[in-house]
Each structure stands twice: as structure tokens, then as C-alpha cells.
Amino acid sequence: MLKYIIISCLVAFVLPANAYAFSDVRIVDGDTIDVDNVRYRLHGIDAPEAGQSCKATRGGSWNCGKAAIEKLETLIAGRSVRCEARGKDAYSRVIGVCFADKIDINSEMVAAGMAWAFRRYSIDYVAVEEKAQADKIGIWQKETQTAWDYRAARWASPLNNAPDPDCPIKGNINRKQEKIYHTPWSKDYAKTKIDTVSGERWFCSEDEAIEAGWRAPAWGH
């Protein structure tokens, strides 16, 4: 059962007009957090997906997606959180630069080798990324698949078994009657079955799933 991390509300008396302080935070994945039922996508970074593995220095692989979530949990736990809004993305998530006390969460995730600088949308964290890459930490231990390439490969995978290959997102209804959608890169995707008779369905995009009332799963606490 998902639990909320309760964050103390010790915030500065003066914040920018587009900055907010929150007390209830839930980690969705390595670059997404829910705060007071509002979803924030961390600006300028892209963390490994929850079920993604990365190559290790001495061979084999490690669960970099899980490690990224745990790192984000560590950064936030016990600290006051505020976010500076940078607009919204295609899925109505607020794009934000978020801080845990004085720690720039976005920057720290990249610095720790737990996220890539998302250069497609921003170059704000490129210098931080280059330092992490030079130090060969986290995702930079060995050459590994980026999060965006991982998502693209999973979307195109013939293992999706969707009735329409262009619409592989699974709209599941769990035992609590919660509507949760699973993308092909979701770590629970393979074991999720769709029963259209019970109201479950397939979607062609996350945007479509959200508009229909489904939400993405949350992998952190």
C-alpha cells in the first residue's frame, strides 16, 4: 500500500510568485512527484523508468529505475519541498524545478548519476551531467540505454500483444476500483491483463488515458 512521505512545512516567508510549498509528497518515479494531488514532472531531467536496468561497471546490470526512485525519496524525506513552475507538458503535468530545503532536486538527481539531462527540452543540467559522466557514477558506469530510447523500444515491442499496435497502453481497474494505466515501459506491464467486459480498455496515448480518467502508477512512497 502506497504511503505518503510527510514533509515538514518549514518554508521561507517569501517565495517567487510561481513557487509553492507543500506538506504531502508522493514519489511517482525518478523524475515525477505528486504534491497535494498535483503531478510535477521535474524540469530538464529524465530518470530511468521504474522497471529499467542499466549496465554495471563490472558486467551485468543493476536496477537503475528503482535506484533513481530511492534517491529521490532520500532527497525529499524529512525536508520542506517547494517547486517553481515552468509551465505544463502534454499530459497536464506541471513542469517544475523543485527544492528539498535548499537542495535543487533536479540538479542533484543528475549529479548523482540518477538521471540524464533532458537536452531535448533544456540544457540547464548539461554541465552537471558531464561531471557525473566523467566520474562514471550511476547510469554512467557503462554505456547504457537512455530512458527515452528505452521507452521508444518498449512502445515498438512485438510483445505488447495489443489489438492495435498503435494503441498499446493498458487501462487496468484494480481491486480498489482505481483506474491505473500501464505503458509498455511500466514494470507491471507484462503481468497486467485487460478485460474489456469489466470496463478495462486500451489507449493510444497517455494523454488519452488521462482524459478518460485513468492515472499512471506511482512506484515510490
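**Aromatic cluster and charged pairs in the predicted model**

At a relative accessibility of 10%, F118 counts as buried. The residue belongs to a predicted model, in which W116, F118, Y121 and W148 form one aromatic cluster. Five aromatic pairs were counted in total. In one of them, the ring centres of W116 and W148 lie 6.0 Å apart with the planes at 65 degrees, so the pair is edge-to-face. W116 is part of strand β12 and W148 part of helix α4 (residues 147–155), so this pair ties together parts that are 32 residues apart in sequence. W116 is buried, at 3% relative accessibility, whereas W148 is partly exposed, with a relative accessible area of 32%. W148 also forms an aromatic pair with F118; here the rings are stacked, with 5.4 Å from centre to centre and 10 degrees between the planes.

The chain as a whole contains five helices and 15 strands. Of its 221 residues, 48% count as buried. Among contacts between residues at least 6 apart in sequence, 58% join residues at least 24 apart.

Side chains of opposite charge can pair when their charged atoms come close. A search of the whole structure found 14 salt bridges. One of these salt bridges joins the side chains of D124 and R86, at 3.9 Å from N to O. D124 lies in the loop between β12 (116–117) and α3 (126–135), and R86 in strand β9 (residues 81–88), so the pair ties together parts that are 38 residues apart in sequence. Both partners are partly exposed: D124 has a relative accessibility of 46%, and R86 has a relative accessible area of 43%.

A salt bridge is also formed by K131 and D135, whose closest N and O atoms are 2.5 Å apart. These two residues are four residues apart in helix α3 and are therefore separated by about one helical turn. K131 counts as exposed, at 52% relative accessibility, just above the limit, since exposed means over 50%. D135, at 40%, counts as partly exposed.

The side chains of E178 and R215 meet in a further salt bridge, at 3.9 Å from N to O. E178 lies in the loop between β13 (169–173) and β14 (179–182), while R215 lies in the segment after α5 (206–211), so the contact ties together parts that are 37 residues apart in sequence. E178 is partly exposed, with a relative accessible area of 31%, and R215 is likewise partly exposed, at 26% relative accessibility. Elsewhere, salt bridges that share partners join D31, R41, D46, E49 and R151 into one network.

Charged side chains also lie over aromatic rings. R82 lies over the face of F99, at 4.4 Å from the ring centre. K170 is placed over the face of Y189, at 4.1 Å from the ring centre.

Terms used: Residues numbered from 1 in each chain as written. Predicted model: local features only at pLDDT ≥ 70, side-chain atom pairs only at ≥ 80, totals over all residues. Heavy atoms only, no water. Buried < 20%, exposed > 50% of the residue type's maximum accessible area, 1.4 Å probe, protein only. Contact = heavy atoms within 4.5 Å. Salt bridge = Lys/Arg side-chain N within 4 Å of Asp/Glu carboxyl O. Phe/Tyr/Trp six-rings, centres within 6.5 Å; stacked < 30°, edge-to-face > 60°. Lys NZ or Arg CZ within 6 Å of the ring centre and 35° of its normal.
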